[in-house]
Amino acid sequence: MGIAGGISFVVVAILAGAYFWYATLIARRNKVNEAMSSVDVHLNQRHDLIPNIVGLAGRFMEHERGLLAEVTRLREEARRPTGSTPAETGKRFEVEGQLGQRVGQLLVSMEAYPQLKSDRPLLEAQQTWTETEAQITAARRFYNAAVNQLNNAIQIFPGPIIAAIAGVQAMPLFEAPAAARLAPNVDDLLGRRP
Amino acid sequence: MTADAPVETTFLERRRRLALRGAASALFVGIVSFPLGTAIGGSETADTIGGAFVFAGIIGVVAAPWIVRAWQGFMRRRMIAAAVAGRPDIRHIDGEHDRRASEAALSSAAFSLGAFHDSGLVEAFQAGTVQHVLTGHARDVPFAIAEVALLDAKGYRMFGGVLASFRLARPRPGLTIVTRDHGVLGNLLASAGSRVERLPLEDTDFEGVFEVYGDDPVGARVVLTTTMLERLKALDERAHARGFACAFRGEHLLIAFSGMSWRCPAWRIVRPIDAWLHDYAEWLAGLVELPQDIVRTLNLAAPAADDAPRYVPEVVPAVAIDSGPADVFSSGLWRLVGEGGMSLVYVASGTIFGGVALIGGWYGVTEGYSTNLFWYFWGLIAAGVVYGVYALALGLRQLAHLAWRWNAPLRTLNRP
């Protein structure tokens with residue numbers, strides 16, 4: 001095998017490697033899309049539960065009107081169709097995070113209302129909410145695992161070059177809102193000020 | 001079912017000595033009789049006596065390990081009975097003597113041997129033999145744990161060890177398998193061609209020990225919460241079982257401890273009971289406590305929510321259950337000899353006949369055959385080449401098939 005043969009071998013090897021990397025990127029992007037659709041299914045379940053919870057709670061929680069209105073507003077915002085670019089996805093996750101946090105506050109606030117604690121439909125709604133949250137957590141972990149693999153393939157050389165040619169972008173992780181990482185303040189959760 | 005049985009050390013020591021003497025005598029007969037039998041001869045009477053010695057030697061060689069094995073079985077039976085004595089929550093079934101009860105225990109709500117089919121924990125099997133079963137309730141969770149051997153249609157052992165099954169209060173849809181980590185290449189080979197996909201999880205310590213596969217990425221993560229990952233790691237440390245693997249499947253948590261045996265090691269027959277009985281009894285007590293440990297550590301007793309989606313249980317195939325140990329000729333070595341040996345014969349035969357035919361063909365092309373034998377030789381050469389190619393292809397195909405199925409439970413989960 002002469003020099004020409006050697007060069008041909010190297011070129012073929014590089015092309016095969018590049019194609020393998022490209023195929024990996026596309027497969028991982030599709031996996032992210034699959035994970036995203038799982039997240040969507042469970043987030044939609046959560047959205048469908050919110051009017052029920054707000055309606056049931058609103059009968060008794062006169063002093064929490066602001067919180068109920070905020071939950072309703074965030075739900076409407078979260079349901080609004082958005083694009084699938086990393087920036088739009090990141091923004092959407094932020095809204096979903098805030099929504100989850102506000103509904104969490106609402107459920108904690110209900111503890112202060114004895115009538116609500118014995119209201120069967122509301123208790124059932126709370127139970128369904130807890131189940132749905134567990135599903136969302138699982139779907140979020142699936143999404144984050146898929147995104148982690150995609151981002152690794154994009155950021156490790158020659159990933160950046162091939163990703164730029166293929167038009168594959170790094171995706172944001174579905175993270176808990178910054179406030180959720182702090183130790184909870186009971187007074188804040190109950191809307192009280194010391 | 002075995003009744004309460006306190007351990008009588010003196011009696012066990014007497015049995016050990018008796019078994020040791022019997023095994024040693026049989027071995028002595030085996031060693032001495034062969035050379036004696038072959039040395040004696042010359043007349044009809046001497047030949048008869050020599051033959052009797054050789055025959056006695058064969059019996060001795062077979063009897064020695066059999067006596068040790070029987071002693072191990074006796075010790076296991078007595079010690080398990082002693083370990084469960086006074087425990088109303090757990091029942092011991094001696095599968096070697098009570099086939100009906102062991103069949104019932106392994107076809108119950110807690111344990112169905114058929115559920116291990118397509119579980120990704122064991123290779124494909126047709127039947128099972130049961131030695132001992134422990135069954136009962138741990139914190140209201142029905143369970144059964146059994147020492148079994150699973151056999152394929154040809155009678156070869158596909159799995160030898162301990163299987164456990166727990167009826168879950170909270171059914172889990174889909175199939176989630178937690179197996180040992182075999183490294184990057186090992187994991188790829190283990191799951192090649194399987195319908196379950198590898199599921200990366202966020203706990204690096206867990207990922208260093210286990211590998212998770214499943215057919216529902218979200219459902220698997222609902223089961224394997226970060227808390228559950230911690231619990232599984234804790235259980236692995238408590239069980240001290242390197243072969244530990246489990247699967248969440250519908251209403252059951254299935255666990256396999258490959259290679260685990262409840263027998264005491266054979267070499268202990270040469271040591272006095274006092275030197276090791278305490279350790280063995282403690283190990284068995286830990287085994288009896290294992291179901292409680294598993295339920296507590298994995299929090300399996302958590303009740304299902306009232307409004308949880310209704311789960312439709314899947315129908316699992318019935319499996320023929322036999323009692324007692326599996327046939328001696330069913331081990332992995334015999335499977336290798338039985339299945340691989342014939343394939344190698346095909347390969348060798350194809351290579352020899354095909355090779356000779358090719359050499360004959362080469363001679364015919366370069367030197368030529370005489371006219372009157374021309375068609376005779378070329379006919380033989382053609383037949384040799386056809387046979388060689390066929391035998392070689394058949395042998396290689398069978399070898400590849402054996403290698404593909406060998407110790408690969410995940411590959412039994414075929415793609416649809």
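Four residue pairs are in polar contact between chain B and chain A, with both residues of each pair at pLDDT 80 or more. The complex described here is a predicted model.

On the side of chain B that touches chain A, the elements giving two or more residues are β5, α6 and α7 of chain B. Their residue ranges are set out below.

| Element of chain B | Residue range |
|---|---|
| β5(B) | residues 197–198 |
| α6(B) | residues 217–223 |
| α7(B) | residues 226–239 |

The largest share of this side of chain B comes from α6(B), which supplies four residues.

In a salt bridge between the two chains, the side chain of Lys31(A) meets that of Glu197(B), at 2.8 Å from N to O.

As for the extent of the contact, 16 residues of chain A and 16 residues of chain B take part. The size of an interface is often given as the accessible area lost when the parts come together. Between chain B and chain A the buried area is about 1100 Å², and carbon and sulfur atoms give 51% of that area.

Confidence values accompany the prediction. The predictor assigns the complex an ipTM of 0.72 and a pTM of 0.78. For chain B, the mean pLDDT is 86, and 91% of the residues of chain B reach 70 or more.

Technical notes
Residues are numbered from 1 along each chain as its sequence is written. Chains are lettered from A and ligands numbered from 1 in the order in which they are written. Side-chain values use heavy atoms; hydrogens and water are left out. Contact means heavy atoms within 4.5 Å. Buried area is the accessible area (1.4 Å probe) that two parts lose on being put together, summed over both. A salt bridge is a side-chain nitrogen of Lys or Arg within 4 Å of a carboxyl oxygen of Asp or Glu. A polar contact is a pair of N or O atoms within 3.5 Å; within protein, one must be able to donate a hydrogen and the other to accept it, and residues adjacent in sequence count only if both atoms are side-chain atoms. pLDDT is the predictor's confidence in each residue, from 0 to 100.
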